[in-house]
Amino acid sequence: ISSPVYNFAAGPGIMPREVLQQAREELLDWRQSGMSVMEMPFTGEAFQAIMQQAQRDLRELLGVPAGYRILFLQGGASAQFSLLPMNLLPPGATADYVDTGHWSRKAIAEGSRYARINVAASGATHDYRRIPAQAAWRPNPGAGYCHITSNETADGLAYHWLPDTGRVPLVADMTSDFLSRPIAVERFGVIYAGAQKNIGPAGLTIVIIRDDLIRPARPETPSAFSYRVQAESGGRFNTPLTYAVYIAGLVFRWLKRQGGLGAIAERNRRKSDRLYAAIDGSDLYACHQRAADRSAMNACFHLADASLTTEFLQQARQQGLLNLHGHPAVGGLRASLYNAMPDAGVDALIAFMRAFAARHA
Ligand code: PMP
């Protein structure tokens with residue numbers, strides 16, 4: 001594999017180089033504490049300072065208003081598919097879900113074990129090539145919440161507008177676009193995200209929840225997964241993912257140095273605009289997603305001649321362009337352009353795509 005290497009994986013995905021370097025420098029002895037962060041008691045002063053700083057930096061980056069709690073949980077976003085209804089809904093309650101692709105279908109399948117689910121709108125009617133316009137949604141006014149997937153990692157779709165669900169709390173799985181752009185947190189009841197795209201190591205799961213939604217969970221909910229228990233204990237109920245929280249904290253600091261979410265969003269838009277223009281401008285590549293709904297994080301596309309896909313992936317790999325395969329459920333190609341992907345990575349990918357197309361003209 002030639003270097004430099006660019007990792008286009010959908011997640012776990014590319015991390016900022018500077019963060020990995022800093023972690024390496026601090027690995028054995030964190031700021032003359034005599035310990036690695038991995039070795040620190042989680043209730044001790046040093047780790048508590050790391051966690052509180054991470055909380056403050058995240059609150060500042062996203063503009064999380066007073067009246068919202070930030071929880072650092074374990075289990076990944078898939079666990080939240082169950083924990084949401086277990087924490088928010090009494091048995092027999094209903095919830096609205098909007099089906100925009102692979103990950104919303106997963107959330108619906110898991111959620112329907114705990115709640116009566118109304119699929120308020122489904123992208124299936126347009127073959128998952130667009131986000132259903134809100135005018136076409138059929139919400140249930142009695143729903144306990146309305147769940148959306150703000151960025152469909154496997155399908156390459158994203159909301160570029162905010163639904164208005166009135167008094168029904170809006171809940172979003174932001175796993176694959178969290179911290180990629182500014183968001184109006186106050187428009188949401190709950191935001192959750194697995195860390196392995198734009199935040200840090202897999203397993204860490206961030207839940208941002210409005211205070212009035214922090215209720216006693218259903219009795220069968222493990223206490224470690226009760227939003228209320230976790231919120232009331234300030235993350236001390238059980239051992240948090242200490243090292244992952246530390247890395248996430250370094251990423252938040254890195255994002256602040258990049259100029260915050262406004263600046264990063266602008267860069268992300270530029271990167272994805274250039275890639276989509278290269279795809280649209282060539283007969284060899286195609287992207288089916290409606291332009292207005294395309295994801296800036298996960299560009300999903302394919303070769304007009306699908307039989308060239310293996311060759312494309314092999315040659316890309318040799319050039320140091322890694323993990324460009326589509327999600328197994330979707331196939332084709334996918335370039336994930338998370339915050340840490342430099343412009344040079346996008347340049348290298350576009351140059352490779354042009355050369356590959358010229359060889360197959
Ligand atoms: N939601 C979305 C949008 C995702 O992209 C993913 C993972 N790719 C998940 C949920 C599931 O995350 P995890 O594997 O951490 O459970």
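Me: Which residue stands opposite Ala 286 in S12?

Reply: His 302 stands opposite Ala 286. Before going on: this is a predicted model, where local features need pLDDT of at least 70, side-chain atom pairs count only at pLDDT 80 or more, and totals for chains, interfaces and linings use all residues. Residues are numbered from 1 along each chain as its sequence is written.

Me: How many bridges join S11 to S12?

Reply: 2 bridges, and the strands run antiparallel. Two strands pair if DSSP finds at least two bridges between them. Strands (E, at least two residues) and helices (H or I, at least four) are DSSP runs, numbered from the N terminus.

Me: What is the strand order in that open sheet?

Reply: S11-S12-S14, 3 strands with antiparallel pairing. Strand S11 (285-286) and strand S14 (333-336) stand at the edges with a single partner strand each, so one side of each has no neighbour in the sheet.

Me: Switching to the ligand. Which residues are around the ligand?

Reply: Among them are Gly 11, Trp 103, Thr 149, Asp 173 and Gly 194. Being near means that the C-beta atom, placed from the backbone, lies within 6 Å.

Me: Which helix gives the most to that shell?

Reply: Helix H3 (residues 76-88), with 3 residues.

Me: And how does the shell split by class?

Reply: 2 nonpolar, 8 polar and 1 charged. Here Ala, Val, Leu, Ile, Met, Phe, Trp, Tyr, Cys and Pro count as nonpolar, Asp, Glu, Lys and Arg as charged, and the others, Gly among them, as polar.

Me: What does Thr 149 stand opposite in S8?

Reply: Asp 173. Strand S5 (residues 146-149) and strand S8 (residues 170-173) run parallel, joined by 4 bridges. Asp 173 also stands opposite Tyr 192 in S9. S8 and strand S9 (residues 190-194) run parallel too, with 3 bridges.

Me: Where is the cis peptide bond?

Reply: It runs from Gly 11 to Pro 12, with omega near -5 degrees. Pro 12 is in the loop between strand S1 (6-7) and helix H1 (17-26). Gly 11 is also one of the residues around the ligand.

Me: New topic, the core. How many residues has the largest nonpolar core?

Reply: 103. Val 190, Ile 199, Val 245, Ala 248 and Leu 337 have the most contacts inside it. Helix H6 (residues 242-257) gives the most to this core, 10 residues. Such a core is a set of buried Ala, Val, Leu, Ile, Met, Phe, Trp, Tyr and Cys residues joined through C-beta atoms within 7 Å. A residue is buried if 20 or more other C-beta atoms lie within 10 Å of its own, exposed if 12 or fewer, and partly exposed in between, with C-beta atoms placed from the backbone.

Me: Is Trp 161 buried or exposed?

Reply: Exposed, because Trp 161 has 10 C-beta neighbours inside 10 Å. Trp 161 is in the loop between S7 and S8.

Me: How far apart are the centres of the two domains?

Reply: The C-alpha centres of domain 1 and domain 2 are 27 Å apart. The contact takes 25 residues from domain 1 and 24 residues from domain 2. Contact means C-beta atoms, placed from the backbone, within 7 Å. The bounds, 19-257 for domain 1 and 259-359 for domain 2, come from an automatic or database domain assignment.

Note on methods: Contact = placed C-beta atoms within 7 Å.
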